[in-house]
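Take a look at the chain below. This report walks through a few of its local features, then its helix packing and its core.

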Amino acid sequence: MTFHFGSYYKKFINFALLLSLSLPVFSQIDSSSTRTRTTTKVADGVYMIRHKDSPDGFPQGNTTVIIGEREVFVVDACYLPSSAKEDIAQIRQWANKPVRYLFNTHWHNDHVNGNGTYAEAFPDITIIAHFETSKQIKGYAPGIFERFPTRGAAFQQIIDSGKDPNGRVLNADEIKAYKEALAGLAPVSEEFKKIKLRMPNMTFDSELTLDIGNREIQIKYLGRGNTAGDAIVYLPKEKILIAGDLLDSPVPYLGSGYPSQHAKTLRKMAQMDFEILIPGHGNVLKGKTYLNLVADFIQTVVDEVSKAIFQIGGGPRNLEAVRQTVHKTIDFTEWKKKIVGDNKEDGNFFDGFSVQGVVTAAYAESWGR
Ligand SMILES: [Zn+2]
């Protein structure tokens, strides 16, 4: 448990820096940290791969594999090229057909770093993204690996000071977890030295429908959310929706983004006719309960941040005062119980990352209006 607690902080600092076996379906115990790689058959010819966290503590996005009669469509290429390689080997076992399309749900590198690995394995591949996502990948990706060593410096500073970025004194187990993450940076750096960046070469603005052989795939942009360009994949016949990081489980990763629009985008998603939802991180979800809960939570934060700004004012000086006010007007402990349940590690991630992130982002969205 203590290691779990530490891994949340690794994830926190990793995400903060970023913003600058087959199992039966639905049977796994879930957690925001992922220690084993799992594959789940979601429907005939539809599989989800959940990757174990990178050795440096960074979470990896889910990959979904959709097999048609003619070709294969993959959603998201995860963080480590070595994991993407494992996925490709697994896909070749599932299907004797090429991956013709790779879709990037958004630009974050835990979803796109493996693009080059797919392009190397399947030279005719088309990499698809919303035009905003394509622009962001082309803007952020070059140089990302040169900037990578700064993560080591951040970990080292935390270890040396014995305090987290908020000034909280860490216990011995947490410091040990940071040391492990620091040690894990070396093999990840080695991988990143050899990485080949590949950019999307097909873009769309609102929707795109493809047929990969007796299987229709709809790609839709429903509005801004976690980033400016998040888009979803929908399989109308199978009633499956692949959400990317618009929805993550068991904890919503609300580190940044556009909360007021995110809530609306999730509402639009909830109106769609699906039964199974594959989140950007975490296990396959059934139904819309969790989706509606997260939409309600984000909307509540947006409303209360707005009210607090009306009373206190906006601008860079007032963020902390607004934060303190919404911590009085919103019962975050109750929301945590409803969304996350009793898991301590996930609760810490919710408190330290999701709540902080969504309040900050809602403030950034509203202060000038
Ligand atoms: Zn992600």
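## A buried cysteine

Cys78 counts as buried, because 27 C-beta neighbours lie inside 10 Å and 20 or more is enough for that label. This is a predicted model. Cys78 sits in the loop between strand S5 (72-75) and helix H2 (81-94).

The backbone at Cys78 also deserves a look. Its phi is near 55°, a positive value in a residue other than glycine. Most residues other than glycine have a negative phi.

## An exposed asparagine

Asn214 is not a glycine either, yet it has a positive phi of about 55°. Its place is the loop between strand S9 (207-211) and strand S10 (216-220).

Is Asn214 buried or exposed? Asn214 is exposed, with 10 other C-beta atoms within 10 Å. The label follows because 12 or fewer counts as exposed.

## A cis peptide bond

Which residues does a cis peptide bond join? The two are Ser249 and Pro250, and omega is about 0°. Most peptide bonds are trans. Pro250 belongs to the loop between strand S12 (240-244) and helix H9 (259-270).

Phe131 is found in helix H5 (residues 131-140). Phe131 has 15 other C-beta atoms within 10 Å, so it is partly exposed. That count falls between the cut-offs of 12 for exposed and 20 for buried.

Now leave aside the neighbours within four places in sequence. Phe131 is then in contact with Thr203 and Asp205. Ala228 is 97 residues from Phe131 in sequence. In space, their C-alpha atoms are 9.7 Å apart.

## Helices H7 and H8

Two packed helices are described by the angle between their axes and the distance between the axes. Helix H7 (residues 150-161) and helix H8 (residues 172-193) pack at an angle of about 155°, and their axes are 10 Å apart. H7 is therefore roughly antiparallel to H8, since angles over 145 degrees get that name. The crossing of H7 past H8 is left-handed.

Which residues of H7 meet H8? From H7 come Arg151, Gly152, Phe155, Gln156, Ile158 and Ile159. From H8 come Ile175, Tyr178, Lys179, Ala181, Leu182 and Leu185. By class, this contact has eight nonpolar, two polar and two charged residues.

## Helices H11 and H13

Helix H11 (residues 319-329) and helix H13 (residues 344-366) make another pair. Their axes come within 10 Å and cross at roughly 125°. H11 and H13 are therefore oblique to each other. Their crossing is right-handed.

On the H11 side, Leu319, Val322, Arg323 and Val326 take part. They meet Val359, Thr360 and Tyr363 in H13. Sorted by class, the contact has five nonpolar residues, one polar and one charged.

## The nonpolar core

How many residues does the largest nonpolar core have? It has 90, and those with the most contacts inside it are Ile232 and Val305. Helix H10 (residues 289-312) gives the most to this core, with 10 residues.

Leaving aside neighbours within four places in sequence, Val305 is in contact with Val322, Val326, Val359, Ala362, Tyr363 and Ser366. Val322 and Val326 take part in H11's meeting with H13, and so do Val359 and Tyr363 on the H13 side.

Notes: Residues numbered from 1 in each chain as written. Predicted model: local features only at pLDDT ≥ 70, side-chain atom pairs only at ≥ 80, totals over all residues. Axes fitted to C-alpha atoms, helices over the stretch in contact; angles between N-to-C directions. Helix = DSSP H or I, 4+ residues; strand = E, 2+ residues; numbered from the N terminus. Parallel < 35°, antiparallel > 145°, perpendicular 65-115°, else oblique. Left-handed = near helix turned anticlockwise from the far one by under 90°. Contact = placed C-beta atoms within 7 Å. Nonpolar A, V, L, I, M, F, W, Y, C, P; charged D, E, K, R; others polar. Core = buried A, V, L, I, M, F, W, Y, C linked by C-beta atoms within 7 Å.
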